[in-house]
Amino acid sequence: MDQRIAVDAFQRSAREQRGVAVDAELRAEGTENVFVAGASLPGATPCARLHARAVLSEWGLGELAEAAELIVSELVTNAVRASTAPDGHPRYDGAGMPVVVLRMASDRIKLMIEVWDVIPGAPAAAHPGPDDESGRGLMLVAAQCDRWSWQSAPGWPGKVVWAELHG
Ligand SMILES: Nc1ncnc2c1ncn2[C@@H]1O[C@H](COP(=O)(O)OP(=O)(O)OP(=O)(O)O)[C@@H](O)[C@H]1O
Ligand SMILES: [Mg+2]
């Protein structure tokens, strides 16, 4: 999916999206920012993270930056992994390189972080043992936010994983 097609599909899906009630409120009353990156480029995670920091500073929500950067980093890394085949190549869907969309919305008190990817498949918090080196990303997200979940969205090929936190 190329970036123009992805942004159009994202905007349609986001408009039709139901179920994230707080998000509807934020869309009506708050401010939002959308960032799109190639989901299998190694720079996607650091770019999204830096972008989140800059936006939160602009919104006067610098006190949320540390938690938000961690959440963005974990969710975008998961999206990048899901969008990359075992041989390291992007999982092309025929329309181009997969994308990841970071959308942040806030009324200056609540912050909603959404990470959209174009790959079907559910995020599932793992239960790592003490010696396991991975499987903790979603646990870290859960620890840094008030609530998180994921859902599919109409007209969007993948899903959106979201986390809500308060200033
Ligand atoms: N965007 C996603 N698309 C598809 N599957 C996902 C996505 N995010 C997470 N998952 C699934 O959920 C599992 C748990 O994710 P989590 O971030 O907790 O651990 P991890 O990514 O395996 O390891 P770590 O984050 O510690 O490096 C992943 O292994 C993956 O199978
Ligand atoms: Mg992870």
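**A walk through the model**

Visitor: Which way do Val 99, Val 101, Arg 103 and Ala 105 point from E2, and are they buried or exposed?
Guide: Val 99, Val 101, Arg 103 and Ala 105 point one way from E2, while Val 100, Leu 102, Met 104 and Ser 106 point the other way. In a regular strand the side chains alternate between the two faces of the sheet. A residue is buried if 20 or more other C-beta atoms, placed from the backbone, lie within 10 Å of its own, exposed if 12 or fewer do, and partly exposed in between. For the residues on both sides of E2, the answer is one way or the other, and buried.

Visitor: What kind of model is this, and how are its parts numbered?
Guide: This is a predicted model, where local features need pLDDT of at least 70, side-chain atom pairs count only at pLDDT 80 or more, and totals for chains, interfaces and linings use all residues. Residues are numbered from 1 along each chain as its sequence is written, while chains are lettered from A and ligands numbered from 1 in the order in which they are written. Helices (H or I, at least four residues) and strands (E, at least two) are DSSP runs, numbered from the N terminus. So the kind of model is predicted.

Visitor: How many residues of strand E2 are buried?
Guide: Strand E2 covers residues 99–106 and is largely enclosed by the rest of the structure. That is because its buried residues number eight of the eight.

Visitor: Which residue is the bridge partner of Thr 31 in E2?
Guide: Two strands pair if DSSP finds at least two bridges between them. Strand E1 (residues 31–38) pairs with E2 in the antiparallel sense over eight bridges. In E2, the partner of Thr 31 is Ser 106.

Visitor: And in E3, which residue is the bridge partner of Ala 105?
Guide: E2 runs antiparallel to strand E3 (residues 110–117), and seven bridges join them. The two form a hairpin with three residues between them, and Arg 108 in the turn has a positive phi of about 80°. Across in E3, the partner of Ala 105 is Met 112.

Visitor: Which residue in E5 is the bridge partner of Met 112?
Guide: Strand E5 (residues 159–166) is mostly covered, with six of its eight residues buried. E3 and E5 pair in the antiparallel sense over eight bridges. In E5, the partner of Met 112 is Glu 164.

Visitor: What is the sense of H4 relative to H5?
Guide: The axes of H4 and H5 come within 9 Å and cross at roughly 150°. Axes are lines fitted to C-alpha atoms, for helices over the stretch in contact, with angles from 0 to 180 degrees between N-to-C directions. Angles under 35 degrees count as roughly parallel, over 145 as roughly antiparallel, 65 to 115 as roughly perpendicular and the rest as oblique. H4 is therefore, relative to H5, roughly antiparallel.

Visitor: How many helices and strands does the protein chain have?
Guide: From the N terminus on, the elements run α-α-β-α-α-β-β-α-β-β. Counted up, the protein chain has five helices and five strands.
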